[in-house]
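Please consult the sequence and the structure shown below while reading.

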Amino acid sequence: MNPSQQPRPARLAVGVVGAGRVGPALACALQQAGHRPVAVSGVSDASVRRAGRMLPDVPLVPPAQVLELADLVLLTVPDDALPSLVEGLAETGAVRPGQLLVHTSGRYGTSVLDPARRAGALPLALHPAMTFTGTEVDVQRLAGCSFGVTAPEELRLAAQALVIEMGGEPEWIAEENRPLYHAALALGANHLVTLVAQSMELLAKAGVEHPDRMLGPLLGAALDNALRSGDAALTGPVARGDAGTVAAHVSELRRHAPGTVAGYLAMARTTADRALAHGLLKPELAEDLLGVLADTESDGGDQ
């Protein structure tokens, strides 16, 4: 939020429980918006180093003490650790009435914070839809980043204000839709990294000296086209129905990188289904193509 446009809201003392890649970056963004980081907790050596680098003047203390010192607490721990953390903090009396308790898990809405809510906390789920490096560059990348936001009706304005102050754009997600929302992001972002890494490895095996330079423009254009046009952006041998080319691909992958065959077949089948459904793949060509994919699978493509 630009300080020249309007007065800042009341400044909050900010605490971070879990100094992974996300928490320190969000605390830094809130600090730039005028809030004051006062405490951070971290267990691993990497977390301690990250907290010291990104929040150098903020004391490292146990989680319960973070809640004691902070008005706004960021719970930035792995998804599977979040329920037990919240229950433990509530049972030990660490939660204070009126305290803003914010988790950044994509999987959960605010119901995971119910133990703290019963102790008087104000629950918010603010998930930044971005990959984090654990470095200062993440703070700049928050500008324009969408946040999946779930909040009680009476806290929607507070949630919106916090996201905007961090440079983000709030996108409201219903409590019951959080798992689907998170699955969609994982499907697009996490699996993309795996596909790109595999592609670079295969190009290197094929003798390409700089796989990243070759893939950069291609993947950038593909992503842009997909975001603009969806399935209409499908190209390549599967969408065209070039069964012979696909069979050659599978043969080469089985010979040089057998670990990639199962993924190639799965994505090829899905691509064929979508191309056929959207009229990009002719039915007569789809029959031959799907026959090749079935044959290559039965020949050991999943091995």
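**Helices and salt bridges**

Q: Which residue with a positive phi follows H12?
A: The model is a predicted one. H12 is followed by a glycine whose phi is positive, near 75°. That residue is Gly279.

Q: How far apart are the end C-alpha atoms of helix H12, residues 261-277?
A: Helix H12 has 17 residues, which at 1.5 Å a residue should span 24 Å. The end C-alpha atoms agree with this expectation, being apart by 24 Å.

Q: What arc around the axis do the buried residues of H12 cover?
A: The buried residues of H12 are Val261, Leu265, Ala268, Thr271, Ala272 and Ala275. They lie on the same side of H12, because the arc that they cover around the axis is only 135°.

Q: What distance does helix H9, residues 211-229, reach from its first C-alpha to its last?
A: Helix H9 has 19 residues, for which 27 Å is expected at 1.5 Å a residue. The helix is followed by Gly230, whose phi is positive, near 60°.

Q: Is Asp231, the salt-bridge partner of Arg274, buried or exposed?
A: The closest N and O atoms of Arg274 and Asp231 are 2.8 Å apart. Arg274 lies in helix H12 and Asp231 in the loop between H9 and helix H10 (237-240), so the pair ties together parts that are 43 residues apart in sequence. Arg274 is partly exposed, with a relative accessible area of 43%. Asp231 has a relative accessibility of 15%, below the 20% limit, and therefore counts as buried.

Q: How many residues apart are Asp80 and Arg107?
A: The side chains of Asp80 and Arg107 meet in a salt bridge of 3.1 Å, N to O. Asp80 is in the loop between strand E3 (72-75) and helix H4 (82-91), while Arg107 is in the loop between strand E4 (100-103) and helix H5 (114-118). Asp80 counts as exposed at 66% relative accessibility, whereas Arg107 counts as partly exposed at 37%. The pair links distant parts of the chain, and its residues are apart by 27 residues.

Q: In which helix do Arg117 and Asp114 both lie?
A: Arg117 forms a salt bridge with Asp114, with 3.1 Å between the closest N and O atoms. In an α-helix, residues three or four places apart point the same way, because there are 3.6 residues a turn. Arg117 and Asp114 are three residues apart, about one turn, and both lie in helix H5.

How values were computed:
Residues are numbered from 1 along each chain as its sequence is written. This is a predicted model: local features need pLDDT of at least 70, side-chain atom pairs count only at pLDDT 80 or more; totals for chains, interfaces and linings use all residues. Side-chain values use heavy atoms; hydrogens and water are left out. Helices (H or I, at least four residues) and strands (E, at least two) are DSSP runs, numbered from the N terminus. The expected span of a helix is 1.5 Å times one less than its number of residues. Buried means under 20% relative accessible area, exposed over 50%, partly exposed in between (1.4 Å probe, protein chains only). The arc is that of the directions from the helix axis to the C-beta atoms. A salt bridge is a side-chain nitrogen of Lys or Arg within 4 Å of a carboxyl oxygen of Asp or Glu.
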